[in-house]
Amino acid sequence: MAAREPKAVENPKTCLVLRGGNCSQVVQDALADLYSMHQPHAKKFSKKNPIHPFEDATSLEFFSEKNDASMLLFGSSQKKRPHAVTLVRTFGYKVLDMLELHLDPDTFRAMAQFKNKKFGIGLRPMLLFAGTAFESPVANEHTLAKSLLTDFFKGEPADKIDVEGLQYIISFTAEEQGSSSSPAAAAADAASKPVIRMRVYLIRTKRSGQRLPRVEVDEIGPRMDFRVGRMREPDEAMLKEAMKTPRGLEERTKKNITTDTMGDKIGRVHIGKQDLGAMQTRKMKGLKRSRLDDDEVGVEDVEDEDTSKRSKQ
């Protein structure tokens, strides 16, 4: 019980992988690859579980509390919804939000089908989300997919990262709607939702003869294409409670100092009104004061002295 109490810095999220009563071989291979990518913070059930997450999620909440897992990955295959992979996120062992992704069996390639070097276990990947669907200002299926996938692959929190540990990158690309050439296909694409393509690449650095190395990438799998299905949005009260930041960890905002989207600090300096007449300029003959200016200044000083004497009298 003490290990499960709230902490200022939470432990890395454990993911529980389980399958439904009916699960195709394609979904099983996909779950196995995702399970290996989430190691060592992952647990997997091999038995069938007759669970319907969107109808009744009590079984998922029971498994979450029993195994201390805040994320669940559920695979199933039905006639109406074939090759479905459901991402579930919990808070306080209660379901916070869910998203159903339909896997394309024709384009799926498992990690074992790529005969090349793999990345080490426990290393954090770099994540790339490309596509306007992920940047929508209004919350939708793709913004929820970005949040869930980031939570699934982010790994342990770290203040400093060694460059040698950046061995692979996971790319998620959302296709643009209406990209087909034929009118019928374009209308079908506009009616359907953008496809999310997942690709995993191994990063290799080679000598380039310069200070910076030449970077190359090799696809290592798995290769998955998803179509977004059903979703369950988080409850506002529960989401507000889950997004609370513990005291002491909030960074104090400094006055007139902001941070832009690239992480650079920008400071604003306020200065008083400048007197440009007293500014020291370059000494040039054309900028010297003439005798006429001196005479005018002398006359003004005499007039000021006369007025001051009259006022005293």
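The lining of the largest pocket splits into 20 nonpolar, eleven polar and 16 charged residues, with Ala, Val, Leu, Ile, Met, Phe, Trp, Tyr, Cys and Pro taken as nonpolar, Asp, Glu, Lys and Arg as charged, and the others, Gly among them, as polar. This is a predicted model, in which local features need pLDDT of at least 70 and side-chain atom pairs count only at pLDDT 80 or more, while totals for chains, interfaces and linings use all residues. Residues are numbered from 1 along each chain as its sequence is written, and side-chain values use heavy atoms, with hydrogens and water left out.

The largest pocket comes out at about 1,800 Å³. A pocket here is an open set of points on a 1 Å grid over the protein atoms alone, where a 1.4 Å probe fits, with protein on both sides within 12 Å along at least five of seven lines; lining residues have an atom within 4 Å of a point. Volume is the space filled by probe spheres set on the points, which are joined across faces, edges and corners. Of the 47 lining residues, Glu 10, Lys 13, Thr 90, Phe 91 and Ala 242 sit closest to the centre of the largest pocket. H3 supplies the largest share of this lining, four residues; helices (H or I, at least four residues) and strands (E, at least two) are DSSP runs numbered from the N terminus.

The second largest pocket has a volume of about 270 Å³. Strand S8 (residues 196-206) gives the most to its lining, three residues, and the lining as a whole has five nonpolar, two polar and two charged residues.

As for contacts (heavy atoms within 4.5 Å), Met 37 touches Met 111, Phe 119 and Phe 153, among others, leaving aside residues up to four places away in sequence.
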